[in-house]
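Trainee: Before I read this structure, I would like to know how each term in its description is decided. Could we go through them one at a time?

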Amino acid sequence: MSLLKYESQQREPLVDGNKNYHQVTEDIISPIEMKPTRLWYIGFYISVGLLLFGAYSVYREVTYGIGQWNLNKTIGWGWDITNFVWWVGIGHAGTLISAILLLFRQGWRTGVNRAAEAMTIFAVMCAGQFPIWHMGRVWMAFFVLPYPNSRGPLWVNFNSPLLWDVFAISTYFTVSLLFWYSGLLPDLATVRDRAKTKLRKMLYGVASFGWTGSTKHWQRHESLSLVLAGLSTPLVLSVHTIVSFDFATSVVPGWHTTIFPPYFVAGAIFSGFAMVQTLLIVVRKVMGLQDYITLGHIEAMNKVIVLTGSIVGCAYLTELFIAWYGQNPYEWYAFSQNRANIFSPYGWSYWLMMFCNVVSPQLFWSRKLRRNITVTFFMSIVVNIGMWYERFVIIVTSIYRDFLPSSWSTYYSPSIWEIGFYLGTFGLFFTCFFLFAKYFPVIALAEIKSILKTSGENYKAKMTDIEKADSEKFYVEEVEHAH
Amino acid sequence: MAGGIKKFVVGSFDDEAVLFPAVKSVRKQGYKIHDVYTPFPVHGLDHAMGLRETSLHTAGFIYAITGTTTALSFMSWVFTKDWPLNIGGKPHFALPAWIPITFELTVLFSAVGMVLTFCYLCQLSPFVKKHHFHPRATDDLFVMAIECTDKTNDAEVQSFLEKAGAKEINVQHAETGWWIGRYDREQKLYKEKDINL
């Protein structure tokens with residue numbers, strides 16, 4: 001037996017159980033060949049229900065105007081932009097897993113990347129809804145595009161961060177979609193070749209673009225994945241940087257800080273990983289994929305959560321310190337009164353954010369808690385609440401008291417249609433995710449197979465045996481061969 | 001239709017560790033490997049088969065600089081020539097402010113261009129029908145197709161593959177080259193002729 005690669009025996013296996021290539025195919029494809037379960041239908045219909053409620057909320061907003069939301073002159077950005085930034089942030093984990101961890105050659109990404117990338121795409125779809133419908137006269141939405149028009153042509157303002165957002169979000173969506181789908185082609189071909197019915201064969205045949213698995217195609221596919229990963233890495237950093245420019249380039253106290261880009265990116269990855277945990281803990285349980293999404297995977301993601309959570313915490317303290325140290329009375333007022341003062345109208349949200357994002361992730365310094373599914377699931381929800389409040393704090397507490405005290409608008413609370421719109425995006429997200437989990441391989445099949453012989457539990461055990469029996473011979477035969 | 005209908009000896013392996021020496025010995029023997037179909041990217045197989053490196057990444061670079069120049073020249077033209085807009089008295093040629101959009105278009109052009117080129121080169125698109133030498137090539141088998149010429153003794157190739165460790169060996173006829181959805185019909189015609197003879 002000659003194995004082609006060697007991986008340290010200290011590392012935990014990434015695929016548990018006694019698997020061979022066919023078993024991997026069986027485990028991952030068979031859930032999508034079965035009829036949907038009752039649980040799936042319940043979840044799916046709830047999601048569709050939320051989506052319809054969201055659609056009705058949007059209908060109200062379009063028909064009667066932005067006044068349907070409780071926004072006013074002072075608080076022009078409320079839940080809508082909070083939700084936008086929150087959803088975009090969620091998306092970032094998927095790209096981090098699929099692109100940055102690919103460049104860093106992290107084998108554990110193979111178990112979770114497909115679902116995380118799908119999450120990215122759906123989250124960006126949800127995020128895009130908010131700025132679009134927030135335009136009010138949404139039928140004019142195409143005005144954001146630089147096209148030759150009859151008004152001059154009067155072009156868009158290329159110097160504006162809001163226009164940068166248009167380019168950043170649409171590029172991010174397109175590139176993520178291409179990356180995700182090009183990775184899906186070989187796996188869809190596997191589903192096609194196993195299909196029993198004519199309809200399935202036809203549909204998956206169309207979807208898999210006639211993939212054969214030719215060596216030359218794989219060579220190009222590898223090159224494509226690597227370059228797309230290389231492109232997506234700066235892209236994902238640029239997207240949340242540009243989102244943070246929406247705030248940072250303004251002159252609103254609490255917004256115009258240079259720390260925003262790295263702070264937003266870290267926060268985005270933090271919340272995104274929390275969402276990946278929420279989804280995958282359910283998916284692995286319901287679809288029986290515990291052998292592929294192991295405790296090791298969950299622990300690895302919790303490590304990212306504690307790292308990015310601490311970066312975010314550090315950023316909170318830095319901006320607080322600089323607000324004080326900078327001695328700008330308006331800036332300091334925004335921080336000391338609007339936010340940190342717990343008795344101010346929104347002080348509670350600041351401290352809730354602090355607790356959820358800075359204090360609670362510190363639990364994950366303990367290995368035992370990192371590997372505890374219940375704690376992880378609970379924490380993932382806490383982190384997502386915390387990150388939603390971060391955006392709420394940044395947006396609302398900075399603008400509800402502006403430079404003119406007579407226009408201070410203290411008691412902003414969302415209307416039912418504003419909440420309905422947010423719930424609607426949850427509906428959209430989960431409707432898409434349920435369909436994805438039912439009709440697509442949720443784990444990157446080909447990628448799991450390519451790490452099976454180095455990181456599969458049974459293969460690692462075999463390797464340990466050979467290594468123990470004759471370590472010198474093992475070294476010459478296996479390890480040298482690998483390099 | 002380019003290439004025409006050809007005959008292939010097809011051997012399926014169930015372990016990439018057996019496949020590598022087999023590829024080597026088949027090439028040494030002078031047989032022409034049409035292709036090897038694998039369920040996942042087997043690293044080093046392209047080198048073993050003597051395939052040249054792909055230059056897809058070069059195409060990606062060319063698309064990228066196209067994106068960069070498109071973005072920069074368009075924004076410069078709009079803001080300095082077509083409609084110079086006074087934005088707070090700031091310079092018309094505001095290069096630093098154009099960095100984000102320039103970067104995004106660089107990435108967008110490169111990604112879209114590369115994926116389209118990839119699909120073009122590999123002849124991948126919806127509704128394309130291709131010959132699949134073995135349905136388990138996307139599951140757990142590594143399928144080697146050896147092209148036969150008039151002079152090839154295919155019984156000899158078959159026994160050679162068997163010695164090299166192939167688990168399943170057969171002879172198939174397939175059309176190579178470009179085609180969109182016509183393949184299956186052509187193959188049937190060929191077989192019918194075979195029977196008539």
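Trainee: What makes residues of chain B count as in contact with chain A, and how many are there?
Mentor: Two residues are in contact if their C-beta atoms, placed from the backbone, lie within 7 Å. By that test 53 residues of chain B are in contact with 53 residues of chain A. The model is predicted: local features need pLDDT of at least 70 and side-chain atom pairs count only at pLDDT 80 or more, while totals for chains, interfaces and linings use all residues. Residues are numbered from 1 along each chain as its sequence is written, and chains are lettered from A and ligands numbered from 1 in the order in which they are written.

Trainee: Which element gives the largest share of the side of chain B that touches chain A?
Mentor: Helix 4 of chain B, with 16 residues. Helices (H or I, at least four residues) and strands (E, at least two) are DSSP runs, numbered from the N terminus. By class, this side of chain B has 37 nonpolar, 8 polar and 8 charged residues. Ala, Val, Leu, Ile, Met, Phe, Trp, Tyr, Cys and Pro count as nonpolar, Asp, Glu, Lys and Arg as charged, and the others, Gly among them, as polar.

Trainee: Why are helix 3 of chain A and helix 14 of chain A called roughly parallel?
Mentor: Helix 3 (residues 79-103) of chain A and helix 14 (residues 416-439) of chain A pack at an angle of about 15°, with their axes 10 Å apart. That makes helix 3 of chain A roughly parallel to helix 14 of chain A, because angles under 35 degrees count as roughly parallel, over 145 as roughly antiparallel, 65 to 115 as roughly perpendicular and the rest as oblique. Axes are lines fitted to C-alpha atoms, for helices over the stretch in contact, and angles run from 0 to 180 degrees between N-to-C directions.

Trainee: What makes helix 4 of chain A and helix 8 of chain A oblique?
Mentor: Helix 4 (residues 109-134) of chain A and helix 8 (residues 260-286) of chain A pack at about 125°. The two helices are therefore oblique to each other. Their contact has 9 nonpolar, no polar and no charged residues, among them V112(A) of helix 4 of chain A and M275(A) of helix 8 of chain A.

Trainee: How do you know whether L188(A) is buried or exposed?
Mentor: A residue is buried if 20 or more other C-beta atoms lie within 10 Å of its own, exposed if 12 or fewer, and partly exposed in between, with C-beta atoms placed from the backbone. L188(A) has 23 within 10 Å, so L188(A) is buried. L188(A) lies in helix 5 (residues 161-194) of chain A. Leaving aside neighbours within four places in sequence, L188(A) is in contact with Y204(A), A207(A) and S208(A).

Trainee: Why is strand 3 of chain B described as largely enclosed?
Mentor: Strand 3 (residues 142-148) of chain B has 5 of its 7 residues buried, so it is largely enclosed by the rest of the structure.

Trainee: What makes strand 1 of chain B and strand 3 of chain B a pair?
Mentor: Two strands pair if DSSP finds at least two bridges between them. Strand 1 (residues 5-13) of chain B and strand 3 of chain B are joined over 7 bridges, in the antiparallel sense. V9(B) has I146(B) as its bridge partner in strand 3 of chain B. Strand 2 of chain B is also antiparallel to strand 3 of chain B, with 5 bridges.
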